[in-house]
Amino acid sequence: MSTHTAVLKKDITPQGSDYEIVRRAIEKISLDYRDQPSLEELAEEVGETPTGLQKLFTRWAGLSPKAFLQAVTLDHARRLLDSGMPLLETSFELGMSGPGRLHDLFVTHEAMSPGDYKTRGAGLTIRYGYHPSPFGTALIMATDRGLAGLAFSDPGEERASFADMSGRWPNAVYVEDMAATGPYAARIFDPTLWRPDQPLHVVMIGTDFQVRVWEALLQIPMGKARTYSSIAASIGAPSASRAVGAANGANPLSFVVPCHRAIGKSGDLTGYHWGLTRKRAILGWEAGQVSS
């Protein structure tokens with residue numbers, strides 16, 4: 001089976017993306033959270049007025065910048081873990097209305113056989129496309145059997161994200177097909193379309209151990225988190241926390257298979273393949289969805 005290297009024919013970076021401004025605000029929050037930066041300081045950092053940033057951020061996250069800051073601080077995460085509360089279930093603590101539970105993406109999944117995985121994608125046709133998302137540009141990859149990959153990138157990093165993803169299955173044939181991947185992007189990032197009668201079908205392409213970890217991640221509800229050690233215990237490998245962390249980092253279905261909900265024992269958010277700022281952004285966005 002011959003391989004095909006895709007070439008971007010145009011600049012696909014979304015224009016006027018809220019996420020770019022939000023990302024910069026989150027970076028400021030992440031770096032200076034112990035100093036509790038004010039709305040005015042955040043606005044100055046991103047070149048917005050305080051009122052403009054408050055409206056944009058709240059529209060994007062469902063949380064004000066101040067509430068988001070409280071939700072992503074390490075000390076706050078530790079308190080939630082110590083008390084047994086779900087991470088980022090902030091509705092009572094932040095003075096919001098009750099913790100109305102939003103359902104998840106209603107994912108159904110299947111795994112390719114170990115033999116299929118060992119061929120490194122030979123015999124697979126993977127269609128891909130770039131789409132705007134609440135977390136930057138999303139690279140969507142799909143086979144005839146369902147969604148196979150979801151990656152993120154900041155402006156100028158689109159080619160790198162494609163190289164990262166296609167390198168996982170180098171013997172596949174890659175076909176740029178926005179029409180095929182567009183419905184996935186619409187379904188994944190619009191919570192109003194998260195319906196049990198329209199499940200999102202995904203195909204997991206990995207080792208047997210990786211697939212077990214990814215299946216365990218699917219069991220973590222929105223608004224909650226699990227430590228790597230608890231995930232390891234849930235798959236019957238209590239001493240394999242480090243291997244679980246590696247499988248978590250290798251997850252090709254970001255956001256859909258919620259590797260961002262895996263954290264360290266201390267409550268530290270730890271790393272994320274597509275950037276720790278994006279992990280904070282996703283967790284904060286989910287906190288806003290849950291609180292609404």
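**Helix H8 and onward**

Guide: Let's start inside H8, where Thr-181, Tyr-184, Ala-185, Arg-187, Ile-188 and Phe-189 are buried. Buried means under 20% relative accessible area, exposed over 50%, and partly exposed in between, with a 1.4 Å probe and protein chains only. Helices (H or I, at least four residues) and strands (E, at least two) are DSSP runs, numbered from the N terminus.

Visitor: What kind of model is this, and how are residues numbered?

Guide: This is a predicted model: local features need pLDDT of at least 70, side-chain atom pairs count only at pLDDT 80 or more, and totals for chains, interfaces and linings use all residues. Residues are numbered from 1 along each chain as its sequence is written, and side-chain values use heavy atoms, leaving out hydrogens and water.

Visitor: What span should H8 have, and how far apart are its ends?

Guide: H8 covers residues 178-189, which is 12 residues. At 1.5 Å a residue, H8 should span 16 Å. The end C-alpha atoms are 16 Å apart, so the two agree. The expected span is 1.5 Å times one less than the number of residues.

Visitor: Zoom out. How many helices and strands does the chain have?

Guide: The protein chain has 12 helices and eight strands. Of its 292 residues, 51% are buried.

Visitor: And the surface? What share comes from carbon and sulfur?

Guide: The chain exposes about 12,800 Å², and carbon and sulfur atoms supply 52% of that. Accessible areas come from the Shrake-Rupley method with a 1.4 Å probe; for residues, only the protein chains shown count as cover.

Visitor: What share of the contacts join residues at least 24 apart?

Guide: Take contacts between residues at least 6 apart in sequence: 68% of them join residues at least 24 apart.

Visitor: New topic, helix pairs. At what angle do H2 and H3 pack?

Guide: Helix H2 (residues 39-46) and helix H3 (residues 50-61) pack at about 90°, with axes 8 Å apart. H2 and H3 are therefore roughly perpendicular. Axes are lines fitted to C-alpha atoms, for helices over the stretch in contact, and angles run from 0 to 180 degrees between N-to-C directions. Under 35 degrees counts as roughly parallel, over 145 as roughly antiparallel, 65 to 115 as roughly perpendicular and the rest as oblique.

Visitor: Which residues make that contact?

Guide: H2 brings Leu-39, Glu-40, Leu-42, Ala-43 and Val-46, and H3 brings Pro-50, Leu-53 and Gln-54. By class, that is six nonpolar, one polar and one charged. Ala, Val, Leu, Ile, Met, Phe, Trp, Tyr, Cys and Pro count as nonpolar, Asp, Glu, Lys and Arg as charged, and the others, Gly among them, as polar.

Visitor: How do H9 and H11 pack?

Guide: Helix H9 (residues 208-217) and H11 pack at about 80°, and their axes are 9 Å apart. H9 and H11 are therefore roughly perpendicular too. Phe-209, Gln-210, Val-213, Trp-214 and Leu-217 of H9 meet Ala-243, Val-244, Ala-247 and Asn-248 of H11. The classes here are seven nonpolar, two polar and no charged residues.

Visitor: Is Val-213 buried or exposed?

Guide: Val-213 has a relative accessible area of 0%, so it is buried. Leaving out residues up to four places away in sequence, Val-213 touches Ile-231, Ile-235, Val-244, Ala-247 and Asn-248.

Visitor: What about Ala-250? Where does it sit?

Guide: Ala-250 is in the loop between helix H11 (241-249) and strand E8 (262-263). Its relative accessibility is 24%, so Ala-250 counts as partly exposed. Beyond neighbours within four places in sequence, Ala-250 contacts Arg-168, Gln-210 and Trp-214.

Visitor: Which way does Lys-279 go, buried or exposed?

Guide: Lys-279 counts as buried, because its relative accessibility is 0%. Lys-279 lies in helix H12. Among the residues Lys-279 touches are Tyr-228, Cys-259, His-260 and Tyr-272, not counting residues up to four places away in sequence.

Visitor: Last one, backbone. What is phi at Phe-255?

Guide: Phe-255 has a positive phi of about 70°, although it is not a glycine. Phe-255 lies in the loop between H11 and E8. At 2% relative accessibility, Phe-255 counts as buried. Arg-120 also has a positive phi, near 55°. Arg-120 is partly exposed, with a relative accessible area of 41%.

Note on methods:
Contact means heavy atoms within 4.5 Å.
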